[in-house]
Amino acid sequence: MDLLTVRSLGKIYTGAVSYEALVNIDLTVGEGEFVGIMGPSGSGKTTLLNMVSTIDRPTSGEVRIAGEDPYKLTYDQLALFRRRELGFVFQAYNLLQTLSVKENIVLPLVLDGISVGEMNRRAEEIAEKLGIAPIMDKRTYEISGGQAQRTAIARALIHRPKLVLADEPTGNLDSRAARDVMEILEKRNDEDRTTMLLVTHDPAAASYCNRVIFIKDGRLYNEIHCGDSRAAFYQRIIDLLSMMGGMDHEFSPVRRS
Ligand SMILES: Nc1ncnc2c1ncn2[C@@H]1O[C@H](COP(=O)(O)OP(=O)(O)OP(=O)(O)O)[C@@H](O)[C@H]1O
C-alpha cells in the first residue's frame with residue numbers, strides 16, 4: 001500500500017526574486033519503503049522534504065500521507081497529525097540541552113499525555129534497540145555526536161510514526177558514527193517496517209535505502225533501486241551523481257565495510 005503520494009508538486013519561493021524550487025514532482029512511497037533523495041546542492045531536496053513534512057506549504061500539487069491531505073487540516077489538526085504520524089531527524093539533532101537523554105526521548109509521549117508507566121516501558125525498549133540505555137540519565141551536552149543523533153532518532157521513533165523524515169542525519173558525524181546511524185535506521189525499517197524518507201549528500205548513507213530518487217533543478221531526474229548487492233548500489237549512486245554533476249559536496253568518508 002502507498003503511504004505517501006506526491007502529485008504534480010510545485011514550489012515557488014517568493015521574495016525580492018522569486019524562485020521555482022520544485023517543478024511538477026510526482027512521487028509514491030510504499031508502506032515500509034526506505035527512500036533516499038539525492039541531487040546537487042540547491043536542487044530542491046530539502047524543499048521537497050519540507051513539503052512532505054508540512055514544514056512549508058507547496059505552491060501547487062498535492063501531498064497525501066496515509067490517505068490524509070495534511071494541507072486540508074486545520075492548524076490544530078495538523079499539529080496533532082505531525083506529532084502522531086511523523087517522525088523528524090535533522091542534521092543538528094535539535095535536542096533540548098536542559099533535559100536528559102531520556103527526557104528528550106519521551107517528549108512526544110509527554111505531549112500526547114501517555115502514562116508514566118507506558119512512557120518508561122517504551123523509553124527502555126527504544127533505548128535498548130538503539131544502544132543508548134547506558135546514557136539515558138546524561139544531559140545532552142555530556143554525550144557524543146553519534147549518541148546525540150541516536151537520541152534524536154529514538155525521539156523520532158518512540159511514538160511509532162508512520163513516516164520518518166530525515167534531513168542529512170549523518171551530516172555532522174564521523175564515518176563510524178554515520179555508519180552506526182544508518183545501520184540503526186536500516187534495522188528499524190527492516191524490523192518495524194517504518195517508512196523512511198532520507199535526504200542525503202552521502203552515497204554511502206544512501207546505499208542503505210531500498211530506492212534512491214535524484215533531483216536536479218527542482219525536477220525528478222532519475223531513480224534507482226537497490227538490487228542484491230549494496231556495494232553495486234553504492235557504485236551506481238556514485239555514477240549517477242557524477243553524471244548529473246552532483247558531486248559538488250565534499251565526499252563523505254562513510255565507507256561500507
Ligand atoms: N526560503 C527560501 N526562499 C527563497 N529561495 C529558497 C528558499 N529556500 C530554498 N530556496 C532556494 O531553492 C532552491 C532549492 O533549495 P533546497 O534547500 O531545497 O536545496 P537542496 O537540494 O536541499 O540543497 P543543499 O543540498 O545545498 O542543502 C535553492 O536554489 C535555494 O536557494
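**Around the ligand**

Sorted by class, the shell around the ligand holds 3 nonpolar, 8 polar and 1 charged residues. Here Ala, Val, Leu, Ile, Met, Phe, Trp, Tyr, Cys and Pro count as nonpolar, Asp, Glu, Lys and Arg as charged, and the others, Gly among them, as polar. This is a predicted model, in which local features need pLDDT of at least 70 and side-chain atom pairs count only at pLDDT 80 or more, while totals for chains, interfaces and linings use all residues. Residues are numbered from 1 along each chain as its sequence is written.

So who is in that shell? The residues are Y13, G15, Y19, A21, G39, S41, G42, S43, G44, K45, T46 and T47 (a residue is near a molecule if its C-beta atom, placed from the backbone, lies within 6 Å of it). β2 (19-30) and α1 (45-52) each bring at least two residues, and α1 gives the most, with 3. Helices (H or I, at least four residues) and strands (E, at least two) are DSSP runs, numbered from the N terminus.

Now look at helix α5 (residues 145-157) and its partner α3 (residues 101-111): their axes come within 7 Å and cross at roughly 25°. Axes are lines fitted to C-alpha atoms, for helices over the stretch in contact, and angles run from 0 to 180 degrees between N-to-C directions. That angle makes α3 roughly parallel to α5 (under 35 degrees is roughly parallel, over 145 roughly antiparallel, 65 to 115 roughly perpendicular, and the rest oblique). On the α3 side you'll find V101, N104, I105, L107 and P108, meeting T151, A154 and R155 of α5; contact means C-beta atoms, placed from the backbone, within 7 Å. By class, that contact has 5 nonpolar, 2 polar and 1 charged residues.

Helix α4 (residues 116-130) also packs on α5, at an angle of about 135° and with the axes 10 Å apart. The two are therefore oblique to each other. I126, A127 and L130 of α4 touch R150, I153, A154 and L157 of α5, a contact with 6 nonpolar, no polar and 1 charged residues.

How far can you trust all this? The chain averages a pLDDT (the predictor's confidence in each residue, from 0 to 100) of 91, and 95% of the residues score at least 70. The model scores ipTM 0.98 and pTM 0.91. Where pLDDT is low, the predicted coordinates should not be read in detail.

Notes:
Two residues are in contact if their C-beta atoms, placed from the backbone, lie within 7 Å.
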